[in-house]
Amino acid sequence: MLTFDLTFVISMLTVILLMVVSVVLYVSYGFKRRLNICGKHVLVSGGSKGIGLEIANQCFRQGAKVTILARDENGLKEAVNYILKENSATGSSRESEIIYFPVDVANDLPTLEKIVSQAENQLGPIYGLFNIVGKAVCHRFLETPHEEFDNMMKVNYQSTVNCTRAVVTQMVKRKEGFVEITSSMAGLFGIYGFSAYSSSKFALLGFAQTLAMELKPHNISITIAYPPDTDTPGFALENSTKPIETKLICESGGLVSPSKVASSIIKDTLKLKFSSTSTFEGFILRTLTSGLSPPNGIFSVFLEANLMGPLRLIGLLILTHFNKIVRDCNTKRTSSKSK
Ligand SMILES: NC(=O)c1ccc[n+]([C@@H]2O[C@H](COP(=O)([O-])OP(=O)(O)OC[C@H]3O[C@@H](n4cnc5c(N)ncnc54)[C@H](OP(=O)(O)O)[C@@H]3O)[C@@H](O)[C@H]2O)c1
C-alpha cells in the first residue's frame with residue numbers, strides 16, 4: 001500500500017500554498033505600471049519651500065506642468081523663479097508651465113476649489129497631487145499649548161483631506177491619477193515630544209489606506225510617504241522647541257537633503273507604491289508596521305513576511321534604548337533641580 005511520510009505531505013502542501021500565494025500576489029500586484037508625468041499637470045501643496053519646493057522642481061524637470069500652492073505670495077514667486085532658474089537649460093520656453101496660487105489649504109476649501117478649477121483651465125486636467133503641506137510642533141505633552149492639537153490636525157490632516165477632495169472628483173471622472181500623502185516617520189511610531197504632531201500624521205495612514213481601497217477601481221493610486229528628518233525651513237523651526245530627549249532619539253537617523261527625499265517620494269509615487277521611505281530606518285519602520293497596508297509589490301511582501309518577526313525583536317531593543325534616553329534625561333533633570 002502507498003504510504004506518505006507526514007513531513008513530505010506538509011512540505012508539499014507548504015510549497016503548493018506558497019505557489020498559490022505567489023500567483024495571487026503576482027496577478028494582483030506584479031504587473032505594476034510606471035506613471036509618466038511628462039506633459040501632465042501636477043499640483044503641489046506646500047510647493048514654495050523645503051520638500052514641496054524640491055518636488056515641484058523635480059516634477060518640472062521631468063516635463064510636468066506644475067501648480068504650486070502656499071500661503072505667502074512672495075515665497076511662491078521666489079519658488080517659481082528658483083525652479084525656472086534651476087531648469088534654465090531646458091525651461092526657457094516653459095515659463096507658462098509653472099503657476100502658483102496663494103491659499104490657506106487647511107482652512108479655506110471654497111477658495112481652494114476655485115483655484116483648482118482655475119489651474120485646470122490654465123494647465124489642463126490635474127493628473128497628480130502631492131500633498132506636502134504640513135508642520136511639526138515638538139513639546140512634552142503637558143507643555144504643548146492646547147490649541148496646537150487642533151492646529152496640527154488642521155495643517156497636517158485637514159489640509160490633505162481638502163486638497164484631495166478638491167482634485168479627486170475630476171480624477172474619478174477621468175479614471176486616472178495619483179494622490180501622494182505626506183506623513184512622517186513619527187506617523188508610524190509615537191516619539192517623545194510629538195503627541196500633537198504624531199497623532200495628526202497617524203490619522204493620515206487611515207485616510208490613505210481607505211482611499212487606496214476606494215479609489216483603486218477608478219484607477220487612482222495612493223502613496224503615503226514617511227520622510228525622515230530633512231533639512232528644511234520647517235525642520236529648523238521644529239528643532240527650536242525640541243526637548244533634549246527628542247533630539248537624542250531623533251539624531252540617530254541623521255539629516256537628509258530635501259532633494260533626496262523629494263526624489264524618492266516622486267519615484268515611489270510614480271511606481272504606484274503604497275508607501276514611500278527614503279532611508280534604511282524608514283524601511284525598517286515601514287516593514288515592522290506594514291500589517292494590512294496595501295503592498296508595494298510582490299518582492300516587498302516576501303521581504304516583509306520574512307523580516308517582520310526578527311525586526312519585532314530588534315525593534316524592542318531600539319525601544320528599550322529610547323526609554324533609557326528618556327529615563328537618563330529625567331534623572332539628570334531631577335538631580336539638577338534638587339541641587
Ligand atoms: N522636514 C522634516 O524633517 C520632515 C520630516 C517628516 C515629515 N515632514 C513632512 O513633510 C512635509 C514638508 O515639510 P517641510 O519641512 O518641507 O515643510 P516647510 O519647510 O515648513 O514647508 C512647508 C510648505 O507648506 C506651506 N504651507 C504651510 N501651511 C500651509 C497652509 N495652511 N496652506 C498652504 N500652504 C501651507 C508653506 O508655505 P507658507 O508658509 O507660505 O504657507 C511651505 O511651502 C510636511 O508635511 C512635514 O510634516 C517633514
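Trainee: Where is the place of Phe194?
Mentor: This is a predicted model, in which local features need pLDDT of at least 70, side-chain atom pairs count only at pLDDT 80 or more, and totals for chains, interfaces and linings use all residues. Residue numbers start from 1 along each chain as its sequence is written. Helices (H or I, at least four residues) and strands (E, at least two) are DSSP runs, numbered from the N terminus. With that in hand, Phe194 sits in the loop between strand E5 (177-182) and helix H7 (195-215).

Trainee: Is Phe194 buried or exposed?
Mentor: Let's count C-beta atoms, placed from the backbone: 20 or more others within 10 Å make a residue buried, 12 or fewer make it exposed, and in between it is partly exposed. Phe194 has 28 other C-beta atoms within 10 Å, so Phe194 is buried.

Trainee: Which residues is Phe194 in contact with, leaving aside neighbours within four places in sequence?
Mentor: A contact here needs C-beta atoms, placed from the backbone, within 7 Å of each other. Met213 is 19 residues from Phe194 in sequence and 29 Å away in space, C-alpha to C-alpha. With the sequence neighbours set aside, the contacts of Phe194 are Cys138 and Ala186.

Trainee: How many of the twelve residues of H2 are buried?
Mentor: H2 reaches 17 Å from its first C-alpha to its last, close to the 16 Å expected. Its buried residues include Glu54, Asn57 and Gln58. H2 is largely enclosed by the rest of the structure, because the number of its residues that are buried is eleven.

Trainee: Which residues of the largest nonpolar core touch the most other members?
Mentor: Such a core is a set of buried Ala, Val, Leu, Ile, Met, Phe, Trp, Tyr and Cys residues joined through C-beta atoms within 7 Å. In soluble globular proteins, nonpolar side chains tend to be buried together. Of the 68 residues here, those touching the most other members are Val42, Val44, Ile55, Ala56, Cys59, Val66 and Ile68. The largest share of this core, seven residues, comes from H6.

Trainee: Does Ser263 count as buried, partly exposed or exposed, and what is its number of C-beta neighbours inside 10 Å?
Mentor: Ser263 lies in helix H10 (residues 258-270). Cys59 is 204 residues from Ser263 in sequence, with 9.2 Å between them in space, C-alpha to C-alpha. Ser263 counts as partly exposed, and its number of neighbours is 15.

Trainee: What share of the 339 residues of the protein count as buried?
Mentor: The secondary structure comes to twelve helices and seven strands. Along its principal axes the C-alpha trace spans about 80 × 70 × 35 Å. The share of residues that count as buried is 37%.

How values were computed: Two residues are in contact if their C-beta atoms, placed from the backbone, lie within 7 Å. The expected span of a helix is 1.5 Å times one less than its number of residues.
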